Amino acid sequence: LSAIRGGAAGGIVPMVRGAVEVPEGQPASWHVKIVDKASVKGNIYIGIETLDEAEQTATPLGKDWYDDQAVGRAFYYSSDGDICSGNTIVISGGQTWGTNDMMQIQTEGGTVSFCKNGVTIGKIDDIKGSVRLAVQLHRPGDKVLLRREMYGAAADRDIEKRKVGEKQMEAERERLAREEEEARIRAAEEKAERLREIQRKKDEEAAQLLKEAEEAKERERLAEMEAAKKKQEEDHRRALLDAERKRLEEEKRQKLAREEAARKKAAEEQIQKVARSRGGYFEEEPDPDAPTDSEMQAFLRNSLPHRLTAARQMGMQALPGAAAVSQMQILLTPQQHYAVRSHLTSLNKTAKVDQS
């Protein structure tokens, strides 16, 4: 069927009807190929029409099916994807079709099925009365070809073949759905595993950072302890150096004091030697540190044994013992008095040191 002119929606359109009328409830199957769909603006309708009780077509030939009068009388699949009964859309938004698609219209037990390339797109139930195939075109150049027309057992086999194919396709869709679900689950598990691995690495990095921080803190503590120990050792060394320095200074001072004392002693011995060579008496300027005569006499009277010992040690003339002389006067020069006092003072210090 080719359209040589177009038709207005709701008006008269190019149309063809099948010659065979199928009784109510009997199986039938038609295969129609879309040779050419000339325009995207006009639709092609492929479906069935019912017959009235007088077996007359319920709708006028050429009358556009998209009309109130065709509701319940014309059932068709539009190329825009809708499945309709008259101007009532039964299934909206289905698959569109066009050039080179193979459309199948099958009736069975009061149900009409609309298929595209072997796949059922939709069904309409409760079809009453006898039916026949019909096609409506809307644009010049629209062209369709009736490839197969089957009734009875042949239609049953074709319908069964379609059902088997649909079951296989359904099984294939289920298989694909299962594979897709399994793939989704695997992807989710892999993603979860990647997230766990990322989290594990983060935990390891955090643990490593914590360990490094603790090690750094321990190194800092050890460094502080080492610094404190070094400071303590340095303070101890400085204390020892200070003590050694003070000891050396004290030794030096004592040495200088001993040298000064030896020098003074040598000077005094020299003075004594000169005094003895001059008869035991010589004149010199008074020594501000020398004792007075009364101090010397009182000191000697109260310390007679020490006085005698000191006189002997200093090489003076031998003196009688204390028992022989109750009040003994010894004539000494001022220098001899000073020498005796210094000598006794040294002896007294030595005795105190020994006693301590």
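Which residue takes a positive phi in the hairpin of β8 and β9? In that hairpin, which has two residues between the strands, N117 takes a positive phi near 55°. The model is predicted, with local features needing pLDDT of at least 70 and side-chain atom pairs counting only at pLDDT 80 or more, while totals for chains, interfaces and linings use all residues. Residues are numbered from 1 along each chain as its sequence is written, and side-chain values use heavy atoms, with hydrogens and water left out. Helices (H or I, at least four residues) and strands (E, at least two) are DSSP runs, numbered from the N terminus.

**Strands and their pairing**

- Two strands pair if DSSP finds at least two bridges between them.
- Strand β8 pairs with strand β9 (residues 119-124) in the antiparallel sense, over five bridges.
- Within this pairing, F114 stands opposite G122 in β9.
- Strand β3 pairs with strand β4 (residues 74-78) in the antiparallel sense, over five bridges, and G47 has Y76 in β4 as its bridge partner.
- Strand β3 also pairs with β10 in the antiparallel sense, over six bridges, and here E49 stands opposite R132.
- Six of the six residues of β3 (residues 45-50) are buried, so the strand is largely enclosed by the rest of the structure.
- Buried means under 20% relative accessible area, exposed means over 50%, and partly exposed lies in between (1.4 Å probe, protein chains only).
- In a regular strand the side chains alternate between the two faces of the sheet.

**Salt bridges**

- A salt bridge is a side-chain nitrogen of Lys or Arg within 4 Å of a carboxyl oxygen of Asp or Glu.
- Side chains of opposite charge can pair when their charged atoms come close.
- The whole structure holds 20 salt bridges.
- One of them joins the side chains of E21 and R132, at 2.6 Å from N to O.
- This pair links distant parts of the chain, 111 residues apart: E21 is in the loop between β1 (15-17) and β2 (28-36), and R132 is in strand β10 (residues 131-136).
- E21 counts as partly exposed at 32% relative accessibility, whereas R132 is buried, with a relative accessible area of 12%.
- Another salt bridge joins the side chains of R162 and E166, at 2.8 Å from N to O.
- R162 and E166 both lie in helix α1 (residues 152-277), four residues apart, which is about one turn of the helix, and both are buried.
- E181 and R184 also form a salt bridge between their side chains, at 2.2 Å from N to O.
- E181 and R184 are both in helix α1, three residues apart, again about one turn of the helix.
- E181 is partly exposed at 35% relative accessibility, and R184 is partly exposed too, with a relative accessible area of 48%.
- Salt bridges that share partners also join E172, R175 and E179 into one network.

**Cysteines**

- A disulfide is a covalent bond between the sulfur atoms of two cysteines.
- The rule used here asks for a pair of cysteine sulfur atoms within 2.5 Å, and the count comes to zero disulfides.
- C84 is buried, with a relative accessible area of 3%, and C115 is buried at 0% relative accessibility.

**Cavities**

- Rolling a probe the size of a water molecule over the atoms shows where empty space is left.
- On a 1 Å grid over the protein atoms alone, a cavity is a set of points where a 1.4 Å probe fits but cannot get out, and lining residues have an atom within 4 Å of a point.
- The largest cavity is lined by 14 residues, of which G25, T107, G110, I127 and V131 lie nearest its centre.
- Strands β7 (102-108) and β8 (111-116) each supply at least two residues of this lining.
- The lining of the largest cavity divides into five nonpolar, seven polar and two charged residues.
- Ala, Val, Leu, Ile, Met, Phe, Trp, Tyr, Cys and Pro count as nonpolar, Asp, Glu, Lys and Arg as charged, and the others, Gly among them, as polar.

- H138 is in the loop between β10 and β11 (143-151), and H138 counts as buried at 5% relative accessibility.
- The C-alpha atoms of H138 and M15 are separated by 8.9 Å, and the two residues are 123 residues apart along the chain.

How values were computed
On a 1 Å grid over the protein atoms alone, a cavity is a set of points where a 1.4 Å probe fits but cannot get out, and a pocket is an open set with protein on both sides within 12 Å along at least five of seven lines; lining residues have an atom within 4 Å of a point.
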